[in-house]
Amino acid sequence: MTEKIIHQKHVTENFITHIIDEDLASKKHKNIVTRFPPEPNGYLHIGHAKSICLNFGIAADYQGTCHLRFDDTNPEKESKEYAEAIQRDIKWLGFDWQENKFHASDYFEQLYGFAEQLINKGLAYVDDQSAEDMRENRGDFNRPGINSPFRGRTADENLVLFKAMRAGEFADGAKVLRAKIDMQSGNINMRDPVIYRIRRLHHINTGDEWCIYPMYDFTHCLSDALEGITHSLCTLEFEDHRPLYDWVIDNVDIECHPQQIEFSRLNVSYTITSKRRLAQLVEQGNVDGWDDPRMSTISGLRRRGYPPAAIRDFVKQVGISKKNSVISMTILEDVIRNHLNQTSPRVMGVLHPLKVVIENYPDDQVEMLTGANHPQDESFGTREIPFSREIYVEQSDYKENANRKFFRLTEGREVRLRHAYYITCREAIKDATGNVIELRCTYDPESRGGTEDGRKVKGTIHWISAAHAEPVEVRLYDRLFNHPNPASMENFMDAVNPNSLEILPNAMLEPGIAAQEADVVYQFERNAYFKRDKTHEKDKPVFNQVVTMRDSWAKLEQQ
RNA sequence: UGGGAUGUAGCCAAGCGGUUAAGGCACCAGGUUUUGAUCCUGGCAUGCGAAGGUUCGAAUCCUUCCAUCCCAGCCA
């Protein structure tokens, strides 16, 4: 059972580990070095978790190293807040970059030197064309590009111009530095890509030191090489950039040549993992911020109560390949349930309370009953639960016209109260509109502990002593979208599920649980797993539903 | 119509020329059970995008075709 959770390796065998195995066997590398390279321009989401688990996981599996490197080459969108949030999320997921935290901006001076090398070799030039002209001259899929009129500038000329760019002698956008490759290439990335642009913006790391900033394609490969990265793992959309990645390293004076390997992004059904779209949900108020428990952000998953180990396990289970895919959310839920089933103490919580009066139970009596905190694991211990004449049960545990398949309360039927007595339903009290507002039952005093005595009692239901029940707010979550692949829609906002949050202001919980200090996930037996929300307070307890239990009765009932 | 990739069950995914095509999720059928939970047992691809070909032997090699995804930022 625990094998599902405790793994020897972080990453199962895949085409990337095969490459690494070969590189190790051929002595191409002795130590493996990977990197997770986020741009600090937003919050991490479940898609990033895949990259984090892959890169840090491979490093751990091979006794290597994984660097955290902020790809901070575009100050326009980056902030320290994002950088801090990213670090918090990685640590929460259970990974540690140790002393290996870097920034692309740490290399700005070296990068500048590499650019000068390209210029000296006649492999880079300063271009004065407007952005519009550049776009026009780049051509398209069916039309080769046209050489820039500035492509023929001499190295000396380019060197002077590039220095002047750095010195701030030109306006933003007036000039760029371009790699001189091939304007006819079928790969548009190779049609003299821009490698430096002029931007007068304050940088989170270098302040106002620079007014020119290197582009991703020039920066990333060299940062990898500078750090001695052996395997640079990125997502599929960078496949077309690999020739450029290799070109830059090959044409500059540097020994290390990391191998870029691409894998497919993680998509999960009924969710969205696009910074832009997630931002839209926040801005339009569909959710309660970036860490709303319905969000696929790491902070959302954390607030929701998903165990980080389960997320790691999830990433491991879905595997690594190059195939575009949408992973079923049921896999995520399965792995969450697996972890929680083994780690969550059981407790009774009534979500939709219905009062039950046990007519033959003494009015002033209170008994303490013992309940196991985990049905399969004695190490969880036991607790004392108060029982009295008036209790709450779940509204759905009573049905007026029930067939034989219904094991719960209906007139004349006997059920077992979890950890307590057998009770038999005698009468349902209704209000003026016909709603059942109270059940009158009798109990069997001989059945304390719910002992078997030959009677056929199939149903066991949870309950709370009314006098001891602690009211709590419970928040139930459903999928945020009604469409399995919202990202594929014309307008994903049309798929937003209007009923993704249900607040139950008057759920009832066993005494003592809401006030506990420990930040644990509880199983409210027969309902779901719950964890306190960040807004939880002792006098205003709030619990989030992490994930429901499997419910084969619900399936049966639908038929 | 250019370039780059990918197609194994409803969703993922092993497989790397040689027994009846791993495993997980989902689904179905049983068993156990003081959670209709958990757990256990069984079922679930004569088939690997399609068609040809090579071979004693093909998901694995070759050819052609089809489908899907990515690329025309001074974003990453």
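## A parallel sheet and its helix

Strand β2 (residues 65-70) runs parallel to β3, and 3 bridges join the two. Strands here are DSSP runs of E with at least two residues, helices are runs of H or I with at least four, and both are numbered from the N terminus. Two strands count as paired if DSSP finds at least two bridges between them. Leu68 stands opposite Lys101 in β3.

Step back and you find an open sheet of 3 strands in the order β1-β2-β3, with parallel pairing. Its edge strands, each pairing on one side only, are β1 (33-36) and β3 (101-103). On average, neighbouring strands of this sheet are turned by 35 degrees against each other, direction ignored. Helix α3 (residues 80-92) lies across β1, β2 and β3 and runs at about 155 degrees to β2. For such angles, axes are lines fitted to C-alpha atoms (for helices, over the stretch in contact), and values run from 0 to 180 degrees between N-to-C directions.

Residues are numbered from 1 along each chain as its sequence is written, chains are lettered from A and ligands numbered from 1 in the order in which they are written, and side-chain values use heavy atoms, leaving out hydrogens and water.

Chain A averages a pLDDT (the predictor's confidence in each residue, from 0 to 100) of 96, and 99% of the residues score at least 70. The model scores ipTM 0.96 and pTM 0.96. Over residues 1-7, though, pLDDT stays under 50. Where pLDDT is low, the predicted coordinates should not be read in detail.

The 12 residues of helix α6 (residues 155-166) should span 16 Å at 1.5 Å a residue, which agrees with its end C-alpha atoms being 16 Å apart. The expected span is 1.5 Å times one less than the number of residues.

Asn158, Leu159, Leu161, Phe162, Ala164 and Met165 are the buried residues of α6; buried means under 20% relative accessible area, with a 1.4 Å probe and protein chains only. Their cover includes α4 (108-120), β4 (124-127), β5 (176-179), β6 (194-198) and β7 (212-214), where contact means heavy atoms within 4.5 Å. After α6 comes Gly168, with a positive phi near 85 degrees.

Terms used:
Predicted model: local features only at pLDDT ≥ 70, side-chain atom pairs only at ≥ 80, totals over all residues. Buried < 20%, exposed > 50% of the residue type's maximum accessible area, 1.4 Å probe, protein only.
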